[in-house]
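Here is a short briefing on one protein model.

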Amino acid sequence: DYLCILTQECILQIEGAGLSIQSSLFISNDTCELPIFLSLNGLSQMPAQPVLGAGNFSLYNLGAIQMAVVGPSFTKICWSDFPGNIVEVGTLEFLGPARLDQNFTCSPGQTCNLRVEEYALSTSPSLLRAGTSCAQTIMEGRRISAVTLQVTRKEFSWTMDYSFGIIPADADPGHFMLCWYPISPERLAEGFPGSPISSGIPVGMLTLRGPTELQVHPPAVA
């Protein structure tokens, strides 16, 4: 099976013998014999041509896919040589948020921990940010733990815990967009855990409790 993380470039390496730069690759949600091409936001034009090729491997860039159903799937990866012979070479799974309607509430002065539904690997770190939009963030949440699946797929998780730490007592209340970002493992190793490598995916809303400032109007003049 092949894995790709949402919002990151999906690069697949096909290994074999006598591979040609004139080969092509496409993904189908049915079979390779009667393919039904997927239509995904960010997916490159199908069939994809190799960006690098040699006798024993070829690399294909499927683009930075923004939205897709995550988790185990029946999406087929189909390889075709120049004469048009098609071979199924595996399946493709996407890692990322499982839902886009996840809403949470936190209070100033309290620790703000969130449990987010996402399909992930422990080796593919991520973070959450909250703000007026994914481009305008004011708070950052770090991953703190994961809940694994059954023993046969123990390296995967469907639930991830994040923490925004203790919300300042004077934080402005309101509703903030919650955005999910993948992080480069290389950047994480360099000590920059807050450096996402792509645009964020809105996954829901974070509400900070508290009254807004009251507006006191002067009495009417008689």
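The lining of the largest cavity divides into seven nonpolar, three polar and two charged residues. This is a predicted model. A search of the whole structure finds seven salt bridges and four disulfides.

**Cavity**

- The count comes to one cavity of 30 Å³ or more.
- The largest cavity has a volume of about 50 Å³.
- Its lining consists of I5, L95, G96, E118, Y119, A120, S124, P125, S126, R143, W180 and P182.
- Three strands, β7 (86-97), β9 (111-121) and β13 (174-182), each supply at least two of the lining residues.
- Strand β9 gives the largest share of the lining, with three residues.

**Salt bridge at the cavity lining**

- E118 and R143 are both among the residues that line the largest cavity.
- E118 forms a salt bridge with R143, and the closest N and O atoms are 4.0 Å apart.
- This pair links distant parts of the chain, with E118 in strand β9 and R143 in strand β11 (residues 137-148), 25 residues apart.
- E118 has a relative accessible area of 1%, so this residue counts as buried.
- R143 has 23% relative accessibility, so this residue counts as partly exposed.

**Other salt bridges**

- R115 and D161 meet through their side chains in a salt bridge, at 2.7 Å from N to O.
- R115 lies in strand β9 and D161 in strand β12 (residues 156-166), so the pair ties together parts that are 46 residues apart in sequence.
- R115 is partly exposed, at a relative accessible area of 49%.
- D161 is buried, at a relative accessible area of 12%.
- R99 and D101 also meet through their side chains in a salt bridge, at 2.9 Å from N to O.
- R99 is partly exposed, with a relative accessible area of 33%.
- D101 is partly exposed too, at 46% relative accessibility.

**Disulfides**

- A disulfide is a covalent bond between the sulfur atoms of two cysteines.
- With the bonded cysteines of the chain numbered in sequence order, the pairing reads 1-2, 3-4, 5-6, 7-8.
- C4 is joined to C10, with an S to S distance of 2.0 Å.
- The link of C4 and C10 is right-handed, with 70° about the S-S bond.
- C4 and C10 are both buried.
- C106 is joined to C112 by a disulfide, with an S to S distance of 2.0 Å.
- The torsion about the S-S bond of C106 and C112 is about 70°, so this disulfide is right-handed.
- C106 is buried, with a relative accessible area of 6%.
- C112 is buried as well, with a relative accessible area of 0%.
- C134 is joined to C179, with an S to S distance of 2.0 Å.
- The torsion about the S-S bond of C134 and C179 is about -95°, so this disulfide is left-handed.
- This pair links distant parts of the chain, with C134 in the loop between β10 (126-131) and β11, and C179 in strand β13, 45 residues apart.
- C179 counts as buried, at 0% relative accessibility.

Definitions and conventions: Residues are numbered from 1 along each chain as its sequence is written. This is a predicted model: local features need pLDDT of at least 70, side-chain atom pairs count only at pLDDT 80 or more; totals for chains, interfaces and linings use all residues. Side-chain values use heavy atoms; hydrogens and water are left out. On a 1 Å grid over the protein atoms alone, a cavity is a set of points where a 1.4 Å probe fits but cannot get out, and a pocket is an open set with protein on both sides within 12 Å along at least five of seven lines; lining residues have an atom within 4 Å of a point. Grid points are joined across faces, edges and corners, and a volume is the space filled by probe spheres set on the points. Helices (H or I, at least four residues) and strands (E, at least two) are DSSP runs, numbered from the N terminus. Ala, Val, Leu, Ile, Met, Phe, Trp, Tyr, Cys and Pro count as nonpolar, Asp, Glu, Lys and Arg as charged, and the others, Gly among them, as polar. Buried means under 20% relative accessible area, exposed over 50%, partly exposed in between (1.4 Å probe, protein chains only). A disulfide is a pair of cysteine sulfur atoms within 2.5 Å.
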